[in-house]
Amino acid sequence: MKNSKLPTFQRAFLAPQYWGFWLVLGIWRMLLLLPYPILRHIGNGLGWLFAHLGIGKRRAAIARRNLELCFPDMPENEREMLLQENLRSVGMAMIETGMAWFWSDARIKKWSKIEGLHHLKANQQEGIIFVGVHFLTLELGARIVGLHHPGLGVYRPNDNPLMDWLQTQGRLRSNKDMLDRKDLRGMIKALRQGETIWYAPDHDYGRKNAVFVPFFAVPDACTTTGSYYLLKSSPKSKIIPFAPLRNRDGSGYTVSISAPIDFSDLDDETHIATRMNRLVEKEILKGVEQYMWLHRRFKTRPSENDPSLYD
């Protein structure tokens, strides 16, 4: 049964206030008709523009700080090179999101391959917590996997109702259904029914329902306890991570799905969150330059009186 709360198309979307959005969408769709090698060049150019615009400069400063906090022993010039690669990847992510939402199945398959699919097929009766950390390629990775093993997407509704409808339609091309990220009950029900849910526990979602555990070199990163509640309520579910990465040689994309990670020896929020962060770190290290470092991962501190790490 489909989620009745998902956004639907509204006649109001045709009002003049949305005409600019439709124009940009049309240009975006036309660009996506170009050959992939050309799209790569356009994506790199968009990344350059992003890094030199106001909001991009602010986000680049956040990414630079995150890299400094997570990899303090890395030479500064190497971190700076990594940052510049990451900013180029941001530009390409704008193209890849469109590829994920609008490309045909045949075109997606032509430019992608998937490794470790048997890990999903072998465990699909138990319910799968499919851990997809926030790589900039995550939208496209979800589409690639969904062609072979559709699941239930977990998402945050967009504040713009037209964008919310558009992204939902795009994501339903690779998912059976979508669940609000706050709908823990819906996730648990799906797992008990043997479904696969997409789950990203790597962002800072605030102090509520969180513990402070290590993440890379940061000893007290705010980390969701959602993993604990999912495992407690559906103990037979398997935790399976994956990494969707852009091939460095320009040949497309490879999604690597890892073997299930055992959490059965843990039974408290802190230890489960700690192991989940170790899992996330391992996946990020497969493609550090393609991770979403623009997010203020460490904005919530253990004490409300602690100074910000971003000042």
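Which residues does UniProt list for "transmembrane region"? Let's work that out first, then look at some rings. This is a predicted model, where local features need pLDDT of at least 70, side-chain atom pairs count only at pLDDT 80 or more, and totals for chains, interfaces and linings use all residues. Residues are numbered from 1 along each chain as its sequence is written, and side-chain values use heavy atoms, leaving out hydrogens and water.

**Exercise 1.** Find the listed span and describe its build.

*Solution.* Step one: the unreviewed UniProt entry gives residues 12-32; such annotations may be inferred rather than shown by experiment. Step two: the span is 62% helix and 0% strand, with its end C-alpha atoms 27 Å apart. Helices here are DSSP runs (H or I, at least four residues), and strands are E runs of at least two.

**Exercise 2.** Classify the ring pair Trp28 and Trp101.

*Solution.* Start with the rule: rings of Phe, Tyr and Trp (its six-membered ring) pair if their centres lie within 6.5 Å, with planes under 30 degrees apart counted as stacked, over 60 as edge-to-face and the rest as tilted. Now apply it: the Trp28 and Trp101 centres are 6.0 Å apart and the planes meet at 70°, so this pair is edge-to-face.

**Exercise 3.** Is Trp28 buried or exposed?

*Solution.* Buried means under 20% relative accessible area, exposed over 50%, partly exposed in between (1.4 Å probe, protein chains only). Trp28 is buried, and Trp101 is too.
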